[in-house]
Amino acid sequence: MKRRHEHDERDTPPTPARADPPEHPLIGLQRQAGNQSVTAAIQRTLEVTGSDRDVASMLGMLRRPSGLDLVHHRKTHQVTIEGRKDKPPSPALAAKLTEVIEDPARVAKVNLGRKQEGVGFGEFPTDEQNPVQELRIDHFEALEKGVPGAGTATLAHEITENYAATDQEVHDAGWEFAHSRVHPGAEAEANQVLEELQLSRGDKPSGRRQTQYTFTSGKGPTERTTWAEARENQYHLWDVGPGGTITHARTAPIVRLAEFSLELSALWKVLPTTAAPVVARIAELITANPSASVTLRGYTRTGQQATADEWYWAVQSEVAEIVGDSILASAQRYAFEPVLAGDNHVVITVNRPGP
Ligand SMILES: [Zn+2]
């Protein structure tokens with residue numbers, strides 16, 4: 001569905017592209033011996049299409065963090081591993097890329113560009129017959145520049161997701177469910193890669209992504225739209241410009257605006273009336289702070305998980321009713337964190353990105 005980014009010969013690759021080897025020497029030898037099956041055994045199964053410049057940019061974001069000497073072959077679009085370093089900054093990334101590239105049966109496919117309409121970072125393929133993940137490589141570059149490790153981690157998300165979707169079980173379950181089946185695993189992979197890369201740099205780990213949403217700030221010519229990712233330990237933010245470009249990727253500290261605690265009882269399938277002032281205060285806070293996010297943590301031990309989840313949805317809809325603004329009330333602004341410990345209560349925190 002997305003337009004293909006054809007090879008653009010005007011683009012000069014920042015790193016020299018290597019020529020495709022005509023044929024793996026082992027295949028040639030085996031073919032002479034009349035053995036065809038060895039071809040499958042060393043099949044390369046990560047296909048990357050795009051301009052030389054874009055491919056070089058993507059591999060550049062993966063090589064050092066994974067410690068893998070990744071080489072792209074223009075004719076076949078395949079990526080191979082030509083060497084590896086011990087103790088890479090992200091062992092998780094090295095392991096995942098190795099798994100994807102050395103899988104003898106499944107082929108992961110990504111296509112790189114800088115202008116695909118409506119694509120934010122990556123887009124899961126809508127067409128089961130053409131399951132290519134579209135990636136806006138400029139988005140990954142901008143994020144990596146502002147939040148080192150995060151661009152690479154997001155790339156890991158997209159590759160993992162596309163690869164996971166090549167599983168026959170995912171196809172059998174119906175393509176319309178494919179993304180929701182493979183996304184959580186891709187997210188876990190990305191979180192681990194990000195943590196490893198941040199720790200290897202001596203940076204503060206951002207923690208898991210809890211939710212993401214947009215907010216606007218400024219007025220008239222200075223108005224801008226910002227994407228926010230609320231993470232456990234800090235925010236990731238970037239501004240969205242014309243043509244979907246991303247600028248000023250950055251981290252921001254969490255500023256705690258309020259914290260509420262409510263006792264959870266199985267008898268209350270809906271929010272208790274004692275929650276009304278809490279809901280009213282949350283509505284006030286997010287109206288005054290359009291960049292705020294809300295997290296509801298359910299501390300439950302005795303099978304009250306479902307109730308905590310109900311409350312999570314109830315808080316959102318009740319705040320929405322008060323605020324009456326679809327952007328401010330948007331469900332994406334909220335995160336639910338089940339915690340299987342503690343004594344049946346929920347803690348609702350309202351935060352905003354600093355300074
Ligand atoms: Zn995803």
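Here is a short walk through this structure, from the whole chain down to a few individual residues.

The model is a predicted one, in which local features need pLDDT of at least 70 and side-chain atom pairs count only at pLDDT 80 or more, while totals for chains, interfaces and linings use all residues. Residues are numbered from 1 along each chain as its sequence is written.

Let's begin with the overall picture. The protein chain has 11 helices and 14 strands; helices (H or I, at least four residues) and strands (E, at least two) are DSSP runs, numbered from the N terminus. Of the 355 residues in the protein chain, 36% are buried. A residue is buried if 20 or more other C-beta atoms lie within 10 Å of its own, exposed if 12 or fewer, and partly exposed in between, with C-beta atoms placed from the backbone. Among contacts in the protein chain between residues at least 6 apart in sequence, 66% join residues at least 24 apart; two residues are in contact if their C-beta atoms, placed from the backbone, lie within 7 Å.

Now for the helices. Helix H4 (residues 91–102) packs with helix H6 (residues 150–164) at an angle of about 35 degrees, their axes 11 Å apart. Axes here are lines fitted to C-alpha atoms, for helices over the stretch in contact, and angles run from 0 to 180 degrees between N-to-C directions. On the H4 side you will find Leu93, Lys96 and Val100, which meet Ala156, Ile159, Thr160 and Tyr163 in H6.

Helix H4 also holds Glu102. Glu102 counts as partly exposed because it has 15 C-beta neighbours inside 10 Å. Thr80 is 22 residues from Glu102 in sequence, and the two are 8.5 Å apart in space, C-alpha to C-alpha.

Turning to the strands, E7 (residues 209–217) and E8 (residues 224–231) pair in the antiparallel sense over 8 bridges; two strands pair if DSSP finds at least two bridges between them. Arg209 stands opposite Arg231 in E8. The hairpin of E7 and E8 has 6 residues between the strands, and Gly218 takes a positive phi near 75 degrees there.

E11 runs antiparallel to strand E14 (residues 345–353), joined to it by 9 bridges, and Phe260 stands opposite Ile348 in E14.
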